[in-house]
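Subject: the model you wanted to look at

Hi,

Here is the structure I promised to send over. Have a look at it first, then read on for my notes.

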Amino acid sequence: MWRKIFVLVKKDLLAEWTSKEILSSTVFFSVLVLMVFNFSFEMVTDRMVAGPGILWTTFLFAGILGMNRLFLTEREDGGIEGLMLCPIDRTTLYIAKWLSLLVILSLTEIATLAVFVVFFNIALQGGLIALVAVIVLGTAGLAALGTTFAAMAVRTRTREMMLPMLLIPISVPLLMAAVKCTAAVLGGATLASVGSWLQLLIAFDVIFIAVGYMTFPTILEE
Amino acid sequence: MASTSPPDPNLETHPSGAMEVDSPVRTSPSPGLIAVAAAAMIASLYAALLYAPTDSFQGNVQRIFYTHVPAALTMYVAVTLIFFASILYLQKRDERWDEVGAAAAEVGALFGTVVMITGPLWARPVWGTWWTWEARLTSTFVLWLIFIAYLMLRAYGGSPEQVARFCAVLGIIGFLDLPIIHFSVIWWRTMHPQPVIMTEEGLGAGLPGSMLATVALGLVAALLLFTVLFRHRLRVERLSRQLLAMRRSLDLSPGEDL
Amino acid sequence: MDNFWYLFSALALAWAVVFFYLVTLARRARDLKQQIDVVQAQLERKND
């Protein structure tokens, strides 16, 4: 199973490496969103108040763009249909798609974070590892729901319009937890001080990876 | 859905009759149920406006409570119903469970709308603001948004069979999200206390018996109303699916379906 | 009594929404039945 997952993820990432279609749009979009936020919140003297929220809103919006793109390309090229003919379990396909999405979103977020630090004049003292941990945990949950909902959305009549409507309400608790943890880390506090939020983040990830894993075959039925 | 044979012409002369015999839930509310629901609603309105004592602090506006809280609880009943119908649909692939989900979602969203209308109109005179991101308000609002998303997916999801599968998945995810939303909004609040007085907090504990009875009556009335609307909506769903099936069999060339 | 209007508008709106939904449901059921009758007639003509 893991070998198959590795091959599938490699296929996705190689395709992305040659075209750079998703990353170029998500990164550019992130810069645009951060710029708009910068104008909108110019009056806020303490950037740390709005900072974590702005960061995660940008992650979410750019993420939605990337999720749609990843699944639309599959749909347009008939990639998924091709894969369905191969002897691959559809639950395996879920894990592979989730991992591909996780990598693509993480790369987008690294670029976003760099721009964010410059634009918002953030001092990343010490807590970089904690920050990375929070971002990975948050992104894992977003990608778990994103894989499920984007696979659905591209098959609906409204296509990519459907994804934000499904994803945003469901991920409200994830965003709250991620913003709280990020605020703590950027404010110089330890992750232990937001332990309950961290637990919530992990619970969210576990629950929705499990549900996504179990329901993915249902979504792919034709 | 795909394997449904063309409807038997003999059964079609009674458009609804044929399909209701084997339904897991009764459709079309009976006149008796409608009468009981109407009586309960009138009694509940009477109790809320005239029987329950006027709240000494909030005044008459507190009487919104007797509509607002039962409507919110009914919304949670609806989402639970959708959850079980979704699981049963995915297990059994019986179209009728999808119909239950469709009906419960629309009527549940209606109750959610009532909650969203009555909430701000109560908050404004009591808390001095139309809206506050208080824990229960926030979680109810997010649930209402999930209902709307579910209805959007139903409306634009594609083929009926695909809509059934996708909505079942969303029904399960939405329900599992509720406890997480609940905890997150409570913690969010406790770390950012609002400067408004949460008078609603004190209502549960020291509620006088007459107020408690009025709430209970309101809940019974809301659940009865839900049942009536739900069955009515279920019947509309059956009719629309029957029409779809008939149109499909009409489109087949004459030689093939006979 | 100064907040009576809030109570009145909340209850009036809530009942209006429910009533409006009931009317919509009844109209949908009626329209569907009419269309079913039309298709029914077409089906019978085709089968004869």
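Some housekeeping first. This is a predicted model, so to speak of local features a pLDDT of at least 70 is needed and side-chain atom pairs count only at pLDDT 80 or more, while totals for chains, interfaces and linings use all residues. Residues are numbered from 1 along each chain as its sequence is written, chains are lettered from A and ligands numbered from 1 in the order in which they are written, and side-chain values use heavy atoms, with hydrogens and water left out.

Chain C has 48 residues, and 31% of them count as buried (buried is under 20% relative accessible area, exposed is over 50%, and partly exposed is in between, with a 1.4 Å probe and protein chains only). It has one helix and zero strands; these are DSSP runs, H or I of at least four residues for helices and E of at least two for strands, numbered from the N terminus. The accessible surface of chain C is about 3200 Å², with 65% of it belonging to carbon and sulfur atoms (Shrake-Rupley method, 1.4 Å probe; for residues, only the protein chains shown count as cover).

Against chain B, 30 residues of chain C are in contact with 42 residues of chain B, where contact means heavy atoms within 4.5 Å. The two chains bury about 3400 Å² between them, and carbon and sulfur atoms give 76% of that. Buried area here is the accessible area (1.4 Å probe) that two parts lose on being put together, summed over both. Y6(C), Y21(C) and I36(C) supply 18% of the area that chain C buries against chain B, more than any other three residues.

How many salt bridges are there between chain C and chain B? The count is one, and the pair is R28(C) with E106(B), at 3.0 Å from N to O. A salt bridge is a side-chain nitrogen of Lys or Arg within 4 Å of a carboxyl oxygen of Asp or Glu. By class, the side of chain C that touches chain B has 19 nonpolar, six polar and five charged residues. For those classes, Ala, Val, Leu, Ile, Met, Phe, Trp, Tyr, Cys and Pro count as nonpolar, Asp, Glu, Lys and Arg as charged, and the others, Gly among them, as polar.

**Salt bridges elsewhere**

Over all chains, the search of the whole structure finds 16 salt bridges. In chain A, R69(A) and E21(A) pair at 3.1 Å, N to O. R69(A) is in helix α3 (residues 47-77) and E21(A) in helix α2, so this pair ties together parts that are 48 residues apart in sequence. Both ends are partly exposed: R69(A) at 27% relative accessibility and E21(A) at 34%.

In chain B, R238(B) and E99(B) meet at 2.2 Å, N to O. This pair links helix α8 (residues 209-251), which holds R238(B), with helix α5 (residues 95-127), which holds E99(B), and the two residues are 139 apart. Here both partners are buried, R238(B) at 5% relative accessibility and E99(B) at 3%.

E161(B) and R165(B) form another salt bridge, at 3.0 Å from N to O. They are four residues apart in helix α7 (residues 160-191) of chain B, which means about one helical turn separates them. E161(B) is partly exposed at 29%, whereas R165(B) is buried at 2%. There is also a network of salt bridges that share partners, joining E95(B), D98(B), E106(B), R154(B), R233(B), E237(B), R241(B) and R28(C).

**Single residues to look at**

Most residues other than glycine have a negative phi. K20(A) is not a glycine, yet its phi is positive at about 55°. It lies in the loop between α1 (2-19) and α2 (21-40) of chain A and is partly exposed at 43% relative accessibility. R159(A), also not a glycine, has a positive phi of about 50°. R159(A) is in the loop between α6 (128-153) and α7 (162-170) of chain A, and it is partly exposed at 32%.

Finally, D177(B) is in helix α7 of chain B and is buried, at 0% relative accessibility. Beyond its neighbours within four places in sequence, D177(B) is in contact with P169(A), I170(A), P173(A), F204(A), F208(A) and I146(B).

Cheers
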